[in-house]
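Please read the following note beside the sequence and the coordinates. The points are numbered so that each can be checked separately.

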Amino acid sequence: ASLICRAPQGVTEPGGYNPIALAQARIADFREGESLSDEAGIEYARFDPVFDENAPPVLTMTTGFSSTWGGDWAWAKAAALDPVTARGPLDGFMAHVINRFAARDMDALVPLFEPAIRDQAAAYPVLSIEGLANMTRAWLADTDAETWSVLPFDPSQVEYRPAASGRLVQPMGPDGLPAIRSDWIPAKDPDERPSYVALPGLIGLHEGQLRFMT
């Protein structure tokens, strides 16, 4: 298993990450009914890269492990996706998603998350397909509909970063943040930072159609 971190597009020298850059990943098996906390389960690997001035523009951390558990994951069966040749279809998919996201129409987006929802339900038996679908529909429930706005979609500013050995892509903006996200939401407490709401999933081909796979 590998965690690959890339600095923003065009950065070729060390130290190109944002000062608040953070990446964490943990691989673990969970027994049925077990809490999905950060310390539960059978842990195989944990990645906590450090983004200091010496961090290379592509930072890779790799480890090996074996597990008797597993699943027939949709993302693992996805066909290879070339971000260059698939640029047109990816831009079209993104334009549709951001249009529905801006309209707060999560019902229209749930089918696009079906492969991810099914994989999550298989990975975590405490979660159900219906429950995960309802969570997706309620993604924006805590946001203010009156002030809701999203970043405009500019295909030329989106970088499709490859993942999962070329099976998936991660759409990122020029600032290294998810390309599908709201405008900054002011914090209620002046001591807190503003926030945003994003659709950070990875995109791949599922039965010949672009879908969210994570």
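Are Tyr 17 and Phe 51 buried or exposed?

1. Both Tyr 17 and Phe 51 are buried, where buried means under 20% relative accessible area, exposed over 50% and partly exposed in between, computed with a 1.4 Å probe on protein chains only. The model is a predicted one, in which local features need pLDDT of at least 70 and side-chain atom pairs count only at pLDDT 80 or more, while totals for chains, interfaces and linings use all residues. Residues are numbered from 1 along each chain as its sequence is written, and side-chain values use heavy atoms, with hydrogens and water left out.

2. The structure holds 7 aromatic pairs, a pair being rings of Phe, Tyr or Trp (its six-membered ring) with centres within 6.5 Å, called stacked if the planes are under 30 degrees apart, edge-to-face if over 60 and tilted for the rest. The ring centres of Tyr 17 and Phe 51 are 4.6 Å apart with the planes at 45°, so this pair is tilted. Tyr 17 belongs to the loop between strand 1 (2-6) and strand 2 (25-29), and Phe 51 to the loop between strand 3 (42-47) and strand 4 (58-62), so the pair ties together parts 34 residues apart in sequence; helices (H or I, at least four residues) and strands (E, at least two) are DSSP runs numbered from the N terminus.

3. Tyr 44 and Phe 65 form a stacked pair, at 5.2 Å centre to centre and 15° between the planes. Because Tyr 44 lies in strand 3 and Phe 65 in the loop between strand 4 and helix 1 (74-77), the pair ties together parts that are 21 residues apart in sequence. Tyr 44 counts as partly exposed at 25% relative accessibility, and Phe 65 counts as partly exposed at 39%.

4. Ser 182, in the loop between strand 6 and strand 7, is buried with a relative accessible area of 1%. Leaving aside neighbours within four places in sequence, its contacts (heavy atoms within 4.5 Å) include Phe 101, Trp 148 and Tyr 196. Arg 104 lies over the face of Trp 148, at 5.3 Å from the ring centre, and Arg 181 lies over the face of Tyr 196, at 5.7 Å from the ring centre; the criterion is NZ of Lys or CZ of Arg within 6 Å of the ring centre and within 35 degrees of the ring normal.

5. Most residues other than glycine have a negative phi. Ala 164, however, has a positive phi of about 50°; this residue is in the loop between strand 5 (159-163) and strand 6 (168-172).
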